[in-house]
Amino acid sequence: MRKKQLSRREFMRAGATGAAFAAAPILLEPPLFAPVPRLVPPSDRLRFASIGAGIRGGELLRTALACPGTEMVAVSDLYDPRFTAAQEYAQKGLSITKDYRTILDRKDVDLVIVATPDHWHAKIVEDACGAGKDVYCEKPMSHTVEDGFAMVEAAKKYGRILQVGSQRCSSIVFAKAKEVYNSGILGQVTAVEATMDRNTLDGVGIWPVPPGASEKNIDWNTFLGSAPKRPFDPMRFFRWRAFWDYGEGVAGDLYVHLIAGYHYIAGIAAPPSRATTIGGLLRWKEHREVPDILWTLYEYPALRVGVRSNMNNQSPDTTIFFGTEGTLEIRNGQVTVYPQNIQPSPENYPLESWPSAMRAEYVKQWHEAHPRPAPADFRMIESTQTFAAPPGYDDSTAHMNNFLESIRSRRPPVEDANFGNIAAIACHMANYAYLNKTVAIWDESAQKISG
Ligand SMILES: NC(=O)c1ccc[n+]([C@@H]2O[C@H](COP(=O)([O-])OP(=O)(O)OC[C@H]3O[C@@H](n4cnc5c(N)ncnc54)[C@H](O)[C@@H]3O)[C@@H](O)[C@H]2O)c1
């Protein structure tokens, strides 16, 4: 349910009308499929299983259960207490297993939600597609560039709906930003800045190891999967984000949300051509391998983009598009459009060095040559405007609903495998540049990053 896009002229008029209310954000309207209870015929019920029911997997299974017409039938995880937690949320006995393949063998499972650590995404997604299941795979889609292309191929080969979990792609806030961007009122946009910072143990992913966690209730060997073999280490199991073997550091954790957001708004459908990164591990040094500050500059054909994640200061999550006629800022769940002052005027700065008579003559002639235009002719954005999601709006719910609608309609998902793959490649490029202290170059024909 996308609203009609505004033309430049319509947006300008809306701005002029709204000028008196500029201080109050305009509330955005969520799509009709918000999860209000409604009857869904049994034939339309979607039976799902969760593979990986930890922090995000738990959130997603609750989100999916709250959507109309769903039923949870099974859960796969490697840590026993996750089964109990999942059953508490599902409020019924679930079939449980440490081997996700037994779920894929079941004929009564329509879709699986994959929320394991990143190094497991590709194998599970490929197996699930091969078994005829539709898949919601958490972001970042891939752990390596090769994994991503294999997942795209699997979804295509088996004709499955594969949606990646960057919820910004379903957000009404980002949809409004996209509408503004597409209307052209920002003028020529050449630069984007996007930041996502954290400054707490929770934000950085330094989470407690649950009491009693041991090899008795954790399947450590399966967790390692394709990663190098190591003795049991609960830090690695519960804080896997801090280690390169299982995640991609802050790039895979946080950059990917920023990248998916601006790719979605600007309609970017290919990885950046180049990336250069600085970063470091400056503070959280206990057992962490990955940097706690990362700063990347990306080059796209018509855009230059700066992305930052700093784990040593909490600033609002922000994405800013800089245009010649306006600035678009997404911050704290709101979109604000600011005008640029582009009223034509004589070039005053150099004129100060001219003799006064020469200056006066030039200014007089300038004004004769540039009769003052009506505001509508030189300024597309009349006043600052802010749009906000209504209280309680949740983009993860919207993203899950979009996925379920896509399964029912067999229409492509809002964030398909190609989109997820490209966003993940940009993350891999950031890390490649950081780890190799080089400019990362995307080689489209070889589908590889080189330095
Ligand atoms: N979209 C978002 O906003 C968002 C937020 C948080 C996490 N995530 C993503 O969700 C995924 C999971 O992150 P998390 O924070 O929930 O991690 P987590 O460690 O809390 O949970 C992962 C779970 O996967 C299980 N697991 C590992 N390998 C498995 C396997 N082979 N089969 C079955 N279960 C397996 C583990 O036992 C664990 O319970 C990651 O890809 C992460 O990037 C996305």
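**Exercise 1. In which loop does Lys437 lie, and what are its backbone phi and its accessibility class?**

Solution. Lys437 lies in the loop between H16 and strand S16 (440–443), where helices (H or I, at least four residues) and strands (E, at least two) are DSSP runs, numbered from the N terminus. The model is a predicted one, in which local features need pLDDT of at least 70 and side-chain atom pairs count only at pLDDT 80 or more, whereas totals for chains, interfaces and linings use all residues. Residues are numbered from 1 along each chain as its sequence is written, and side-chain values use heavy atoms, with hydrogens and water left out.

The backbone comes next: Lys437 has a positive phi of about 50° although it is not a glycine. At 76% relative accessibility, Lys437 counts as exposed; the classes are buried for under 20% relative accessible area, exposed for over 50%, and partly exposed in between (1.4 Å probe, protein chains only).

Gln91 has its place in the loop between H3 and S4, and its 70% relative accessibility makes it count as exposed.

**Exercise 2. Describe how helix H6 and helix H16 are arranged, and name the residues that make their contact.**

Solution. Begin with the axes, which are lines fitted to C-alpha atoms, for helices over the stretch in contact, with angles that run from 0 to 180 degrees between N-to-C directions. The axes of H6 (residues 145–158) and H16 (residues 417–436) come within 9 Å and cross at roughly 180°. The two helices are therefore roughly antiparallel to each other, given that angles under 35 degrees count as roughly parallel, over 145 as roughly antiparallel, 65 to 115 as roughly perpendicular and the rest as oblique.

Then list the residues in contact (heavy atoms within 4.5 Å): H6 contributes Val145, Gly148, Phe149 and Val152, and H16 contributes Ala417, Asn418, Asn421, Ile425 and His428. By class, the residues of this contact divide into 5 nonpolar, 4 polar and no charged, where Ala, Val, Leu, Ile, Met, Phe, Trp, Tyr, Cys and Pro count as nonpolar, Asp, Glu, Lys and Arg as charged, and the others, Gly among them, as polar.

**Exercise 3. Work out the order of the strands in the open sheet of 6 strands, and state which strands stand at the edges.**

Solution. The order is S4-S3-S2-S5-S6-S7, with parallel pairing; two strands pair if DSSP finds at least two bridges between them. Strand S4 (95–97) and strand S7 (162–165) stand at the edges, and each has a single partner strand, so one side of each is left without a neighbour in the sheet. From one strand to the next the twist averages 20°.

**Exercise 4. Determine which strands are joined to S15, and in which sense each of them runs relative to it.**

Solution. Strand S1 (residues 26–27) is joined to S15 by 2 bridges, and the two run parallel; here Leu27 stands opposite Ala388. Strand S14 (residues 334–339) is joined to S15 by 4 bridges, and these two run antiparallel; the bridge partner of Gln334 is again Ala388.

For the side chains, recall that in a regular strand they alternate between the two faces of the sheet. In S15 (residues 385–388), Gln385 and Phe387 point one way and Thr386 and Ala388 the other way, and all are buried.
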